[in-house]
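Please look over the sequence and the structure below. A short report on selected features follows.

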Amino acid sequence: MAYTGGIIAYDNRFSVLIAMIWTIMTFSAAIPALYFAGILLCFVAYWTDKTLFVKFYKIPPKHGSDLAHKARNIIEWSLVMHLFMGLYMLSNEDIFTNLEEDNDAVEFLKGYAAFVGSGVSALTGVSTDRFGQVHTVLYSVGVSIFLILFIIEKVSGTFSRIIGKICCCCLYKDAEPDIFSNDLYCDISSDA
Amino acid sequence: MSIVVSLSISFINAVLRKALQLMTNLEGHHTVSEQLESAFSKMWILQYINTAVILLIINNRLTEDGIIGGLLTTAGLNGVLFDGNYGDFTTAWYDAVGVTIFTTAFINGITPITNISAIVISWLKRCCDRGCSSDNKKTRKTI
């Protein structure tokens, strides 16, 4: 045991993963090649950490899944950044040229798309006209649907419960608190 | 050039992580989990700013009509921040900044492989300890 390594640095690992996923999600709407970098990061990080965990590191303290849940919660918000940054990037008229000038169905939703893009417009000062293109209008509708579902999930947890019921064997395995946690104050409190 | 920038970003990220890790030790958390949580909550924000936000601040240019541009003008920073060469996400932006972002992401993707060197180093240390003998029971350590 003389040459056993140190304790795995979860903070280091999680921070790199979260920062890179946030970076990838920020720009990936217009640079899809970033998804390959993300896949590479997840694959390499998983296998190197697994190898080191099994063959090198000391047995770490019991953390439970709190850290992983916290990291997942942070990563979830990158979706909102992804959608709005995507709206800003994809609405550039010089690259994504609008060929359908008179589309009645899209005309109906133009004002609505401008409303969705008003946040981006207010922050950056770009014209709201760019959000009236066909592809941007459709994108805005998708953004709105997602945001409504996202808010419902965050407020009520409906979709997590549904997925939890469907996939009861692989989710919420550690819903019950550990008898012996690494939190002394939690262990000795009257609530425990 | 983009490779140099990407390598610099990755290096600065590594330094920031180490510095924050050391500083979090001084915060005096009751549990290891709290300490780790506190550390990575700060680490990822700094790394994200360093990897993505700074590239936008330096290279993109915003008009004064927006909230960000207005605030910068009020603060007298409009010539410093968001005063880059690209007024929008143009082809030139993807050529310069997009490539840098991709290279950084790619470098960060393969960087975890370097952690495997820890196993190799410990294996070499063990080998030196037993005098490069094939007998695994030999050691200079006091047992």
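## Pro60 of chain A

In this predicted model, Pro60(A) sits in a loop of chain A, between H2 and helix H3 (66–76). Is Pro60(A) buried, exposed or partly exposed? Pro60(A) has 14 other C-beta atoms within 10 Å, so it is partly exposed. A buried residue would need 20 or more, and an exposed one 12 or fewer.

Which residues does Pro60(A) contact, leaving aside its neighbours within four places in sequence? They are Ile7(A) and Ile8(A). Gly157(A) lies elsewhere: 97 residues separate it from Pro60(A) in sequence, and the C-alpha to C-alpha distance is 32 Å.

## Helix H2 of chain A

H2(A) covers residues 33–55, which makes 23 residues. From first C-alpha to last, H2(A) reaches 33 Å. That is close to the 33 Å expected at 1.5 Å a residue.

Several positions in H2(A) are buried: Leu34(A), Ala37(A), Leu41(A), Ala45(A) and Thr48(A). An α-helix has 3.6 residues a turn, so residues three or four places apart point the same way.

## H1 against H3 in chain A

Two packed helices are described by the angle between their axes and the distance between the axes. For H1(A) and H3(A), the axes come within 10 Å and cross at roughly 15°. That crossing angle makes H1(A) roughly parallel to H3(A). The crossing is right-handed.

H1(A) brings Tyr10(A), Phe14(A), Leu17(A), Ile18(A) and Ile21(A) to this contact. H3(A) answers with Leu67(A), Ala71(A), Ile74(A) and Ile75(A). By class, the contact has nine nonpolar residues, no polar and no charged.

## H3 of chain A against H2 of chain B

H3(A) also packs across the chain boundary. Its axis and that of H2(B) come within 10 Å, crossing at roughly 20°. H3(A) is therefore roughly parallel to H2(B), and it passes H2(B) in a right-handed crossing.

Which residues meet here? From H3(A) come Asp66(A), Leu67(A), Lys70(A) and Ile74(A). From H2(B) come Ser33(B), Leu36(B), Glu37(B) and Trp44(B). The residues of this contact divide into four nonpolar, one polar and three charged. Leu67(A) and Ile74(A) also belong to the contact of H3(A) with H1(A).

## The contact between the chains

How many residues does each chain give to the contact? Chain B gives 46 residues and chain A gives 48. On the chain B side, the elements giving two or more residues are helices H1 (2–25), H2 (32–59), H3 (67–75), H4 (91–110) and H5 (117–129). H2(B) supplies the largest share of that side, 12 residues.

By class, the side of chain B that touches chain A has 22 nonpolar, 16 polar and eight charged residues.

## Phe82 of chain B

Phe82(B) is in the loop between H3 and H4 of chain B. Most residues other than glycine have a negative phi. Phe82(B) is not a glycine, yet its phi is positive, about 50°.

Is Phe82(B) buried or exposed? Phe82(B) counts as buried, because it has 21 C-beta neighbours inside 10 Å.

Conventions: Residues are numbered from 1 along each chain as its sequence is written. Chains are lettered from A and ligands numbered from 1 in the order in which they are written. This is a predicted model: local features need pLDDT of at least 70, side-chain atom pairs count only at pLDDT 80 or more; totals for chains, interfaces and linings use all residues. Two residues are in contact if their C-beta atoms, placed from the backbone, lie within 7 Å. Helices (H or I, at least four residues) and strands (E, at least two) are DSSP runs, numbered from the N terminus. Ala, Val, Leu, Ile, Met, Phe, Trp, Tyr, Cys and Pro count as nonpolar, Asp, Glu, Lys and Arg as charged, and the others, Gly among them, as polar. The expected span of a helix is 1.5 Å times one less than its number of residues. Axes are lines fitted to C-alpha atoms, for helices over the stretch in contact, and angles run from 0 to 180 degrees between N-to-C directions. Angles under 35 degrees count as roughly parallel, over 145 as roughly antiparallel, 65 to 115 as roughly perpendicular and the rest as oblique. A crossing is left-handed if the near helix is turned anticlockwise from the far one by less than a right angle, and right-handed if clockwise.
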